[in-house]
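Here's a quick briefing to go with the structure below. Have it open in your viewer and follow along.

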Amino acid sequence: QVQLVESGGGLVQPGGSLRLSCAASGSGFSINAMGWYRQAPGKQRELVARITSDGSTNYADFVKGRFTISRDNAKHTVYLQMNSLKPEDTAVYYCKVGIITTMKYAYDYWGQGTQVTVSS
């Protein structure tokens, strides 16, 4: 069984920064791609950033140049450094982790979500 634990959300003023973390725990698996999504009230969940197992990244246009995704494979953890935050970045942020089991089955797991609020 795989568990994801997110942390790092909170309230920040416009222009501020936050760093989100998502750690995977469990055994008998390897991690494939990892990513961050967000969902604002009344809107669909959308991709923010994604990083593959070899470190390739892609970002949504609305965060390019402001957010940076990274991963620590030894810690099974993915990070999202968010700078120059805007009120429109306010949302619940979810991590998504692709898992490959020892039997070569692939699954996606979602974190519980962490609230990010950008407001003065």
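How many disulfides does the count come to? The count comes to one disulfide, and it joins Cys-22 and Cys-95. Bear in mind that this is a predicted model.

**The disulfide**

- A disulfide, in general, is a covalent bond between the sulfur atoms of two cysteines.
- In this model the sulfur atoms of Cys-22 and Cys-95 sit 2.0 Å apart.
- The Cys-22 and Cys-95 link is right-handed, with 45 degrees about the S-S bond.
- Cys-22 belongs to strand β3 (residues 18-25) and Cys-95 to strand β9, so the pair ties together parts that are 73 residues apart in sequence.
- Buried or exposed? Cys-22 is buried, at 0% relative accessible area, and Cys-95 counts as buried too, at 0% relative accessibility.

**Arg-38**

- You'll find Arg-38 in strand β4, which covers residues 29-39.
- Why does Arg-38 count as buried? Its relative accessible area is 6%, and buried means under 20%.
- The Arg-38 side chain has a polar contact with the side chain of Asp-89, at 2.9 Å.
- Leaving aside neighbours within four places in sequence, Arg-38 is in contact with a list of residues including Gln-44, Arg-45, Glu-46 and Val-48.
- Also among the contacts of Arg-38 are Phe-62, Val-63, Phe-67, Glu-88 and Asp-89, along with Ala-91, Val-92 and Tyr-93.

**The nonpolar surface patch**

- Which residues make the nonpolar surface patch of about 380 Å²? They are Met-103, Tyr-105 and Tyr-107.
- Tyr-107 is part of strand β10, residues 106-110.
- With a relative accessible area of 41%, Tyr-107 is partly exposed.

**Positive phi values**

- Lys-104 isn't a glycine, yet its phi is positive, about 70 degrees.
- Look for Lys-104 in the loop between β9 (91-101) and β10.
- Lys-104 counts as exposed because its relative accessibility is 68%, and the cut-off for exposed is over 50%.
- His-76 is another residue other than glycine with a positive phi, near 55 degrees.
- The loop between β7 (67-72) and β8 (77-82) is where His-76 sits.
- At 26% relative accessible area, His-76 is partly exposed.

Terms used: Residues numbered from 1 in each chain as written. Predicted model: local features only at pLDDT ≥ 70, side-chain atom pairs only at ≥ 80, totals over all residues. Heavy atoms only, no water. Helix = DSSP H or I, 4+ residues; strand = E, 2+ residues; numbered from the N terminus. Buried < 20%, exposed > 50% of the residue type's maximum accessible area, 1.4 Å probe, protein only. Polar contact = N/O pair within 3.5 Å; in protein donor to acceptor, adjacent residues only side chain to side chain. Contact = heavy atoms within 4.5 Å. Patch = residues over 30% accessible without salt bridge, like charges linked within 9 Å, V, L, I, M, F, W, Y side chains within 5 Å. Areas by Shrake-Rupley, 256 points an atom, 1.4 Å probe, with all protein chains shown as cover. Salt bridge = Lys/Arg side-chain N within 4 Å of Asp/Glu carboxyl O. Disulfide = S-S within 2.5 Å.
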